[in-house]
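Work through the exercises below with the model open. Try each task before reading its solution.

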Amino acid sequence: KLIFDEQGELILETIKLMEGVNDPYIHQGLYSAAYASIVLSRDKDVAKEVATYLQGIYYKDKNSAPIDLVVRHWSMKIIELASYLEFTMGKRYFLWY
């Protein structure tokens, strides 16, 4: 989390790097740290980039949502936060659930 606080652009790079890892515990920790960093920084650009990427991975259709409930929880929280931060600009993210 501390690395993400100092360099927010590393969040998306790290998520991309870990995308192929087949261990939900890695994704759970990564997404919770990413969420905490975005909450504290309120960086709209980082939130938008991460949310758009996660939406493309997990929520492109009804059958692509994460099976792991904790991964689903944190990925949705990131997307919802990005939507909240971008609300004034009219951009809303859509989740299949």
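**Exercise 1. Which residues does Y31 contact, leaving aside its neighbours within four places in sequence?**

Solution. The model is a predicted one. Start at Y31 and skip the neighbours within four places in sequence. The contacts left are I15, L54, Y58, V71, W74, S75 and I78. Now look at the rings: Y31 forms one aromatic cluster with Y58 and Y59.

**Exercise 2. Count the aromatic pairs, then classify Y35–W74 and Y58–Y59.**

Solution. Apply the ring-centre cut-off of 6.5 Å. The count comes to 3 aromatic pairs.

Take Y35 and W74. Their centres lie 5.4 Å apart, with 50° between the planes. An angle under 30 degrees would be stacked and one over 60 edge-to-face, so the 50° pair is tilted. Y35 sits in helix α3 (residues 24–41) and W74 in helix α5 (residues 69–86). The two residues are 39 apart, and the pair links distant parts of the chain.

Take Y58 and Y59 next. The centre-to-centre distance is 6.2 Å and the planes make 65°. That angle is over 60, so the pair is edge-to-face.

**Exercise 3. Are W74, Y58 and Y59 buried, partly exposed or exposed?**

Solution. Buried means under 20% relative accessible area, and exposed means over 50%. W74 has 23%, so W74 is partly exposed. Y58 has 12%, so Y58 counts as buried. Y59 has 2%, so Y59 is buried too.

**Exercise 4. Summarise the whole chain: elements, burial, contacts and surface.**

Solution. Begin with the elements. There are 5 helices and 0 strands. From the N terminus on, the order is α-α-α-α-α. Next, burial: of the 97 residues, 38% count as buried. Then contacts. Among those between residues at least 6 apart in sequence, 63% join residues at least 24 apart. Last, the surface. The protein exposes about 6000 Å², and carbon and sulfur atoms supply 57% of that area.

Technical notes. Residues numbered from 1 in each chain as written. Predicted model: local features only at pLDDT ≥ 70, side-chain atom pairs only at ≥ 80, totals over all residues. Heavy atoms only, no water. Phe/Tyr/Trp six-rings, centres within 6.5 Å; stacked < 30°, edge-to-face > 60°. Helix = DSSP H or I, 4+ residues; strand = E, 2+ residues; numbered from the N terminus. Buried < 20%, exposed > 50% of the residue type's maximum accessible area, 1.4 Å probe, protein only. Contact = heavy atoms within 4.5 Å. Areas by Shrake-Rupley, 256 points an atom, 1.4 Å probe, with all protein chains shown as cover.
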